[in-house]
Amino acid sequence: MSLINSLKPGGKHGVPSSESRDPIGFLVAGLNKLAQSDLIDTLRLRKPTEQAVFTVTRNGFKTMTTASRTFAKAGSKGAGGVRVPAAQPKDVFDLTPTEDQQMLVDVVTEFADEVVRPAATEANETCEAPEALLKASLEIGLPILGVPEALGGISEERSAMAGTLVAEALSRGDLGLAVATLAPGSVATALGLWGTDAQQQTYLPAFTGDDVPAAALALNEATVLFDVLSPTTTATRTSEGFVLSGVKTLVPRGAQAELFVVGASLEGEPVLFLVESSAAGLSVEADPAMGVRAASLTRLHLDQVTVPADAVLGATDGTTYVECVRLSRLAWCALAIGTGQAVLDYVTPYVKERQAFGEPIAHRQSVAFMVANIAIELQAMRLVTYKAAARAAAGKDFTREVALARKICTDKGMQIGLDGVQLLGGHGFVKEHPVERWYRDLRAIGIMEGSVLV
């Protein structure tokens, strides 16, 4: 077998077999082969070789961006887009899912159990969601959950409640993979909520077709004490449109994304912009974090990126941006609930079966109380989040409710992850059990802004 053949796609850490490597790809693969050789230890070249692999990978990744498909301009400029009506409020306070919502949750739960959970460990290690899993997520309709039915989606009314239920069910399989599969639908949902007729007709047909593009929200920034409502990324108005400059972090699947919704400050107000990956001045680099690793998190560099005047998504007075942030926080609350439920489902049988001093450790009050507290806090998280989602779906103000939900899901979510690790003892510290991964993922709830939307 020739060297080139040995470096072709399809390997454990290679590119999909349907793709081809460019020269940088062959160089990186060759350096990786060299790094695995015992010869470099004999010659004392281990550190220089590893540094070369890191440098080439980082620089190569940063300078190459995935070429975007050509989104054919369509629709009427200046015309308002299609909007779904608000959900009809019930006569009494009832958070029971509708029949359609329950059917959707059942399908997603089965997908999470049978497809997502088995793929989670490897995806966490490789920082990449399996292609087969991503394709399967398209078949159950995740990208079009928030798209109006008139535009090829499945949404007959505001989908915040359904989106919350889906995010919760999906994250019971794995939070990182949930983010990876929900990211394209977040952009589609944003277009359905705030897009003009031209924006919807230009971009949404791609999301409702067979070849759904990767896409992502980009709100996070790597600044100390980052305030999502005051982005440092700037948008400057020009005669032809806008020029964007800044850096966005923790963007899911940014290397594959063909369309971004980027938050930037325009004349003192936070505004959302549609940015195609083919835009000049846009570059992407890997940005792996402690948790949510399966989402292939990246850093987005915008160096004088020019976008047209009609790239603004929604209003320019900050109201659209604020609503986007609140809906995103609602989504992260749902992800926290699902992951917390996974912790509870895992530790409950464990403490009943784990023997210490001749009896199950569940017989110890300190253990039993800790498990009970997880269940209590989960129910509180769920009720507050569902109430916020129900108000959002009904078109009511949910500022207070989502703030409370984010507070409790951030604090109690991290505590649930910590207690899960504690209940497993030494087993909670090793990768043989998934609880350590869930603990790392739950730490992200109070940090992540954007990325997903309900």
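**View 1. Gln101 and its contacts in the predicted model.** Gln101 touches Met161, Ala162 and Leu165, leaving out residues up to four places away in sequence. The model shown here and in the other views is predicted. Gln101 sits in helix 5. Its relative accessible area is 15%. Gln101 therefore counts as buried, the limit being under 20%.

**View 2. Helix 5 against helix 13.** Helix 5 spans residues 99–126, and helix 13 spans residues 435–442. Two packed helices are described by the angle between their axes and the distance between the axes. Here the angle is about 70 degrees and the axes are 11 Å apart. Helix 5 and helix 13 are therefore roughly perpendicular to each other. Helix 5 brings Arg117, Ala120, Thr121 and Asn124 to the contact. Helix 13 supplies Arg437, Trp438 and Arg440. By class, the residues of this contact are 2 nonpolar, 2 polar and 3 charged.

**View 3. The largest nonpolar core.** This core has 106 residues. Leu177, Leu191, Trp194, Phe207, Trp332 and Leu335 have the most contacts inside it. Helix 10, residues 319–353, gives the most to this core: 18 residues.

**View 4. Surroundings of Phe207.** Phe207 is one of the residues with the most contacts inside the largest nonpolar core. Residues up to four places away in sequence are not counted here. Phe207 touches Pro143, Ile144, Pro184, Val187, Ala188 and Leu191, among others. Its contacts also include Val212, Pro213, Ala215 and Leu259.

**View 5. The aromatic pair Phe242 and Phe273.** A search of the whole structure finds 3 aromatic pairs, and this view takes up Phe242 with Phe273. A pair of aromatic rings is described by the distance of the centres and the angle of the planes. For Phe242 and Phe273, the centres are 5.2 Å apart and the planes make 65 degrees. The pair is edge-to-face, since planes over 60 degrees apart count as such. Phe242 lies in strand 3 (residues 241–252) and Phe273 in strand 5 (residues 269–276), so the pair ties together parts 31 residues apart in sequence. Phe242 and Phe273 are both buried.

**View 6. Leu193 in helix 8.** Helix 8 covers residues 175–194 and holds Leu193. Leu193 has a relative accessible area of 14% and is buried. Neighbours within four places in sequence aside, Leu193 contacts Arg83, Arg158 and Leu327. Gly81 lies 112 residues from Leu193 along the chain, yet their C-alpha atoms are separated by 8.5 Å.

**View 7. Ser159 in a loop.** The loop with Ser159 runs between helix 6 (131–139) and helix 7 (160–171). Ser159 is buried, at 12% relative accessible area. Leaving aside neighbours within four places in sequence, Ser159 is in contact with Leu145 and Gly146.

**View 8. The chain as a whole.** Take the contacts in the chain with a separation of 6 or more: 75% of them join residues 24 or more positions apart.

Terms used
Residues numbered from 1 in each chain as written. Predicted model: local features only at pLDDT ≥ 70, side-chain atom pairs only at ≥ 80, totals over all residues. Heavy atoms only, no water. Core = buried A, V, L, I, M, F, W, Y, C linked by side-chain atoms within 4.5 Å. Buried < 20%, exposed > 50% of the residue type's maximum accessible area, 1.4 Å probe, protein only. Helix = DSSP H or I, 4+ residues; strand = E, 2+ residues; numbered from the N terminus. Contact = heavy atoms within 4.5 Å. Phe/Tyr/Trp six-rings, centres within 6.5 Å; stacked < 30°, edge-to-face > 60°. Axes fitted to C-alpha atoms, helices over the stretch in contact; angles between N-to-C directions. Parallel < 35°, antiparallel > 145°, perpendicular 65-115°, else oblique. Nonpolar A, V, L, I, M, F, W, Y, C, P; charged D, E, K, R; others polar.
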